[in-house]
Amino acid sequence: MLVCSVVGARPNFMKIAPVVLELLRRQVPHLFVHTGQHYDDSMSRVFFQELRLPAPDVHLGVGSQTHGRQTARVMEGIEEVFERHSPNLVIVGGDVNSTLATALVAAKRSIPIAHVEAGLRSSDRSMPEEINRVVTDHVSDLLFTTEESANRNLEREGLGERGVHFVGNCMVDTLLQHVDAAIAKEPWREYGLEPRGYALLTLHRPSNVDIAETLDRLLHTIGSVSTRLPVLFPVHPRTRRHLSSSPPATRGDVRLTEPLPYLTFLGLLARARIVLTDSGGVQEETTALGVPCLTLRPNTERPVTTTRGTNRLVGTDPEIILECLESVLAGHWPTGEVPPLWDGRASRRIVDIVEGFLSS
Ligand code: UD1
């Protein structure tokens, strides 16, 4: 029996890490593949170190490409891996191109697929991730969900009978395991910031950063935010590329940094006064931590963060963003509650089910 886990891009690492570590703890024979979709040290290697992940057994080195080429390169590389090792189950996570590519190849070779973080839907097909989510779910055999909306989405798409397991959130397993150590590092000090005295910003969605006028307008609003409290902005490589043609906010106090290691970012998240983001994972992390979050998108595939958590969808409208900021600063923001099963045990539930599946 061989289980193969495949990761490729930054958000995969914290989702799949606790599953891989649990498989290894139980001595399940395991092959660990990195596609190389993300390859900078700051986007990849540092996460392996901090999450104490073993080095990948196979690295496909696909790098950055157009969506078609990137997906195709992962497909070619992963097919060779499957030919050589014949795994009995493949585990993929999230919604990046590496997830889709791996799932397509596994499905065509009749290798059962387990999808960690299945069923999330933004209903926005202009997001590349939405296509990846839908296709991956439809070819998967074990669908591990993080919130009840995902179960309903899968049911609606006719996948309800298909091995759907509501297990909770693996990214929160990783968060709970590391948050105390992350806070103990007091990462805000390096930036001259005080706990609860700063905003943390992340921006990397193509819809926000690829079009110069949209990015300019957003950064102007962020400049206004930073007249109320300093904004720390770790800049994703995609955004960095576009910033070189579009100067950063000119007023207020916006501090740009390179992409941050996991523990540094987690410590900063945990003690931020407010977080502004277009990331999927950060919406969940802020809800798990009870930190106010403004999501700079018109929709979310993680609605539990808005119905139960601390997250609000604000789009890119400056007035709404600044109004919400004032509410947070005035202390008028729901503290939220942690969604069901975000309890640090999701990966154990997953490995229980995987072991049952393999022995059946
Ligand atoms: C990808 C995922 C997205 C996820 C994000 C997290 C897809 C479709 N998108 O988007 O869902 O939220 O990762 O980061 O899979 N680059 C580097 N170094 C790296 C990686 C990328 O410089 O290590 C640059 C390259 O210029 C590349 C660009 O960033 O062209 C975008 O990278 P890519 O992997 O295509 O997509 P992301 O925007 O990172």
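This is a predicted model: local features need pLDDT of at least 70, side-chain atom pairs count only at pLDDT 80 or more; totals for chains, interfaces and linings use all residues.

Colleague: Which pocket is the space taken by the ligand?

Modeller: Residues are numbered from 1 along each chain as its sequence is written, and side-chain values use heavy atoms, with hydrogens and water left out. A pocket is an open set of points on a 1 Å grid over the protein atoms alone, where a 1.4 Å probe fits, with protein on both sides within 12 Å along at least five of seven lines. A molecule sits in one if more than half of its atoms lie within 2 Å of its grid points, and the space taken by the ligand is the largest pocket.

Colleague: Which element gives the largest share of the shell around the ligand?

Modeller: Helices here are DSSP runs (H or I, at least four residues), numbered from the N terminus. Helix H3 (67-85), helix H5 (128-139) and helix H10 (237-243) each give two or more residues to the shell. The largest share, three residues, comes from H10.

Colleague: How far is the side chain of Arg-241 from an oxygen atom of the ligand?

Modeller: Arg-241 is among the residues that come nearest to the ligand. Between an N or O atom in its side chain and a ligand oxygen, the distance is 2.8 Å.

Colleague: What is the mean pLDDT of the chain?

Modeller: Confidence is lowest in H10, at a mean of 92. For the chain, 98% of residues reach 70 or more, and the mean pLDDT is 96.

Methods. A residue is near a molecule or strand if one of its heavy atoms lies within 4 Å of it. A polar contact is a pair of N or O atoms within 3.5 Å; within protein, one must be able to donate a hydrogen and the other to accept it, and residues adjacent in sequence count only if both atoms are side-chain atoms. On a 1 Å grid over the protein atoms alone, a cavity is a set of points where a 1.4 Å probe fits but cannot get out, and a pocket is an open set with protein on both sides within 12 Å along at least five of seven lines; lining residues have an atom within 4 Å of a point. pLDDT is the predictor's confidence in each residue, from 0 to 100.
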